[in-house]
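Please view the sequence and the structure below before turning to the notes.

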Amino acid sequence: MAIGVKVLGRPVEEISYVRATVKGLGRTFKHLVNPHKVTMQYPEEKYPISPRWRGTHRMLTTETGKAKCVACGLCPTVCPANCIKLVPGEDEDGNRYPLVFEIDEFRCIFCGYCQEVCPEEAIHVGRHYENSEFSREGFVYDLERLMAQTHPVSELWDPADPKGE
Amino acid sequence: MIAFASLALLQIADPQGTPTFWPWFIATVIKMVVFFTIYMVTVAYLTWLERRVAGWIQDRQGPNRVGWQGLLQPLADGLKNIMKEETFPNYASKALFMLAPAMAFIPALIVWAVIPFGAPMPTPWGRVDLILADLPIGFLYMLAISSLGVYGIVIAGWSSNNKYSLLGGLRASAQMISYELSLGMSAVCVLLLAGHVGLPQIIEQQVSMGWNVLSLTVAALVFTIAAFAETNRLPFDMPEAESELVAGYHTEYSSMKFSMFFIAEYANMVTASAFIVTLFFGGWDIPFTTWDNSAPYSVLKSLLTFGFFYVKIIFFCFFYMWVRWTLPRFRYDQLMALGWKIMLPTALAYIMIVASATLALDAAGISRGVLFSLILFALNVVLLVILLVWLDRGRMVSPSYTRARRDEVLRLRERAQRSVLVTEVAD
């Protein structure tokens, strides 16, 4: 034999199958009656999510109920997933507003750049993650839908307080 | 005929006497229906219990969504299995493929014919024994039928035309043949004490002498282990062995046919538990009392004894689950070595010891009673110490090197110490 074979020399008392089995049964029984279970009962209880959690978008509104968006075009420009569709419009006073503002939540990678880049603090990613629809089209959120969202918005990362404390 | 039957039912008979034919016949049919219902519901809820116990042991919750605490889960599972698509492998042997699930399930069910499940129940038409068929050879019937269960598995494995299924089936047959011997041999000791092969008589003997688990502890241990192997439960689930054989013999089965194998596994568990309870744990006997076994029977007594029998069975089913979620699966050679080198010799030697002890005690004039069992119990304690302390030193189920010759191991160790490649040598 060219290569030395490692032969374990455990004391025979330690390799008793019966004693190990009884020990194991005791161990499993302790876990069986242990009331602390790790499973989170999801729809009833939820894990707390970070204040910087980036979930589905939300468009904030002014006091008059209009979207804060001024259709500057920064968010579709910065968006790495190219999921924001923006068609700007202009009213008689020369104020710009979005004619069409759509976010495809399927394409979105939830990087949060749109929120960071927005000069008007209009578009936000939100602290919300329970999305379900019956069709793929349902995931293209239009302006009306984005404005109707009510969940809390995500906080931006603060370099002075990197851990959010 | 029905008129005659109702006429017979209207006759007032002695509630403690033997019923005439028609009341007996109708009572048997009713017993079968009631018993089958209880049995199937128990089996269904064992699947739920298994998953809950598995969850709890692993610090999880298990299914608790469908109904209160998940109690409707078996119903949901049944519905799902019926609705699912049924697949047939192209080159499967159709007839056998269809037959196999039934063959796995039916033996577990028909064994129950001979197992007594309560004290006799008095009715206005005579005393009804709570046993479906009081065969004088109940024990032999039980052994014979329970061995048939393997056919379902082997046929399933063979007819699927799938190498993994076939391997599962082959393993099942090898395993069952190996463990059937120790199963039968360990139960022979019970016959030695009871002097009868009818199961009601075995229970009577345990009532008078104390449960067999005390007087025949080693046999009870061997029987329980062999029963685990017979039902293909972990640590003996070689035929299924998910991690090695996909799902073993039922790889190719889907929907309700797969479910039949699943039901068969749990049905076998209940049946095996009933064997253990009947042969070693007093059957329907309520411990520490004698009022439940004595003559003026009542409905209350029957129900109580049945309740006790049921609780005992559920305990052993729980024990099955508990062991399943504790022990890892044996390696195949360990399984065979345990069956042939440890269990069979132990069971055979134990028959000799019990037979000699019984003869000696009879010759010494000790009547079959509590003292008799106590002496046997003392003998068992000695044997258990020998078995578990002296014999179980890496020889029972162990790493394979412990079965190597001692001088071989020493030679290998010596070589390892000389080798430059091995830096760490224990011992």
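The model is predicted. Chain B contains 15 helices and 2 strands, and the strand pairings described below belong to chain A.

**Chain B overall**
- Of the 427 residues in chain B, 43% are buried.
- When contacts in chain B between residues at least 6 apart in sequence are considered, 75% of them join residues at least 24 apart.

**Residue T251(B)**
- T251(B) lies in a loop of chain B, between α10 (242–245) and α11 (255–280).
- T251(B) counts as buried because 22 other C-beta atoms lie within 10 Å, and the cut-off for a buried residue is 20 or more.
- Leaving aside residues up to four places away in sequence, T251(B) touches S160(B), N162(B), Y164(B), S165(B) and V246(B).
- T217(B) is 34 residues from T251(B) in sequence, and their C-alpha atoms are 38 Å apart in space.

**Paired strands of chain A**
- Strands β2 (residues 84–90) and β3 (residues 96–104) of chain A run antiparallel and are joined by 7 bridges.
- Within this pairing, L86(A) has F101(A) in β3(A) as its bridge partner.
- The hairpin of β2(A) and β3(A) has 5 residues between the strands, and G94(A) in this hairpin takes a positive phi near 85°.
- β3(A) is also joined by 2 bridges to strand β5 (residues 140–141) of chain A, again in an antiparallel arrangement.
- Y141(A) in β5(A) is the bridge partner of I103(A).

Key:
Residues are numbered from 1 along each chain as its sequence is written. Chains are lettered from A and ligands numbered from 1 in the order in which they are written. This is a predicted model: local features need pLDDT of at least 70, side-chain atom pairs count only at pLDDT 80 or more; totals for chains, interfaces and linings use all residues. Helices (H or I, at least four residues) and strands (E, at least two) are DSSP runs, numbered from the N terminus. A residue is buried if 20 or more other C-beta atoms lie within 10 Å of its own, exposed if 12 or fewer, and partly exposed in between; C-beta atoms are placed from the backbone. Two residues are in contact if their C-beta atoms, placed from the backbone, lie within 7 Å. Two strands pair if DSSP finds at least two bridges between them.
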